[in-house]
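Good morning, colleagues. I should like to take you through one structure, beginning with a helix and then turning to the cores and the aromatic rings.

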Amino acid sequence: MKLSALYFTLFSLISVVMLSSTALAQSQSMEAVDRNINPVSLEEALKAAAREEKKILIDVYAEWCPYCQRMHSNVYTSEEVLKAISEYFIWVKINVESPSPVSYFGTEMTESQFASALENESVPTTYFLNSEGAIIGSQPGFIETEVFAALLTFVGSDAYLEQSFQEYTGRR
């Protein structure tokens, strides 16, 4: 009787240790991803993209926009989106109403002027630039997490060069 209680206690202790170490490893993994994907300035992104051979992800938003807020609180915080950004992109956030300065290859302007230069018509809109800073494409509107993660991988991996997004995702 005492032996079975000892086995039960030992099993419980081992289970707790294993679960704790798994949770810690996942937490440390996410912290590493988080450190790698914080938004940076446009100028920093242009330098880093060329150096790291990554694309640039430009998140054009407005503070008052509820869909932008949902993208930032629900989509950009998901692990699969963060991993895709970390692997393929340098992330830049541009506020369509901000007077904050940005530099695009030596041309100084405000974030608002840069959004206009992109011919941005709505928020949120996601722009994809290659590592040289040229626009590859854009996608306006709120995008659900699963679709956004797939889109990031589709563009980031250059799959867009060989197939449509529908083919890539297996949707018809």
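In helix α6, the buried residues are Thr 145, Phe 148, Ala 149, Leu 151, Leu 152, Phe 154, Val 155 and Gly 156. Buried here means under 20% relative accessible area, with exposed over 50% and partly exposed in between, for a 1.4 Å probe and protein chains only. Helices (H or I, at least four residues) and strands (E, at least two) are DSSP runs, numbered from the N terminus. An α-helix has 3.6 residues a turn, so residues three or four places apart point the same way.

Before I go further, this is a predicted model: local features need pLDDT of at least 70, side-chain atom pairs count only at pLDDT 80 or more, and totals for chains, interfaces and linings use all residues. Residues are numbered from 1 along each chain as its sequence is written, and side-chain values use heavy atoms, with hydrogens and water left out.

For the 12 residues of α6, 145-156, that gives 16 Å, and the end C-alpha atoms are 16 Å apart, so the two agree. After α6 comes Asp 158, with a positive phi near 70°.

Let me turn to helix α2. Its buried residues are Leu 42, Ala 45, Leu 46, Ala 48 and Ala 49, and their cover includes β1, β2, β3 (101-104) and α5. Contact means heavy atoms within 4.5 Å. Following α2 is Glu 53, whose phi is positive, near 55°.

The largest nonpolar core has 23 residues, and Leu 42, Ile 56, Ile 58, Val 60, Val 92, Ile 94 and Phe 114 have the most contacts inside it. By nonpolar core I mean a set of buried Ala, Val, Leu, Ile, Met, Phe, Trp, Tyr and Cys residues joined through side-chain atoms within 4.5 Å. Two or more residues come from each of α2 (42-52), β1 (55-61), β2 (89-95), α5 (111-117) and β5 (125-129). Which element gives the most to this core? It is α2, with 5 residues. Apart from this core lies another, of 22 residues, among them Ile 143, Ala 149, Leu 151 and Phe 165.

Now to the rings. The whole structure holds 10 aromatic pairs. Rings of Phe, Tyr and Trp (its six-membered ring) pair if their centres lie within 6.5 Å; planes under 30 degrees apart count as stacked, over 60 as edge-to-face and the rest as tilted. Tyr 67 and Phe 142 have ring centres 6.3 Å apart and planes at 50°, so this pair is tilted. Because Tyr 67 lies in helix α3 (residues 66-75) and Phe 142 in the loop between β6 (135-140) and α6, the pair ties together parts 75 residues apart in sequence. Tyr 67 is partly exposed, at 47% relative accessible area, and Phe 142 is partly exposed at 22%. Arg 70 also lies over the face of Phe 142, at 4.0 Å from the ring centre. A charge sits over a ring if NZ of Lys or CZ of Arg is within 6 Å of the ring centre and within 35 degrees of the ring normal. Likewise, the charged end of Lys 93 sits over the ring of Tyr 61, 5.2 Å from its centre.

Finally, ring pairs link Phe 154, Tyr 160, Phe 165 and Tyr 168 into a cluster.

Note on methods. Expected span 1.5 Å × (residues − 1).
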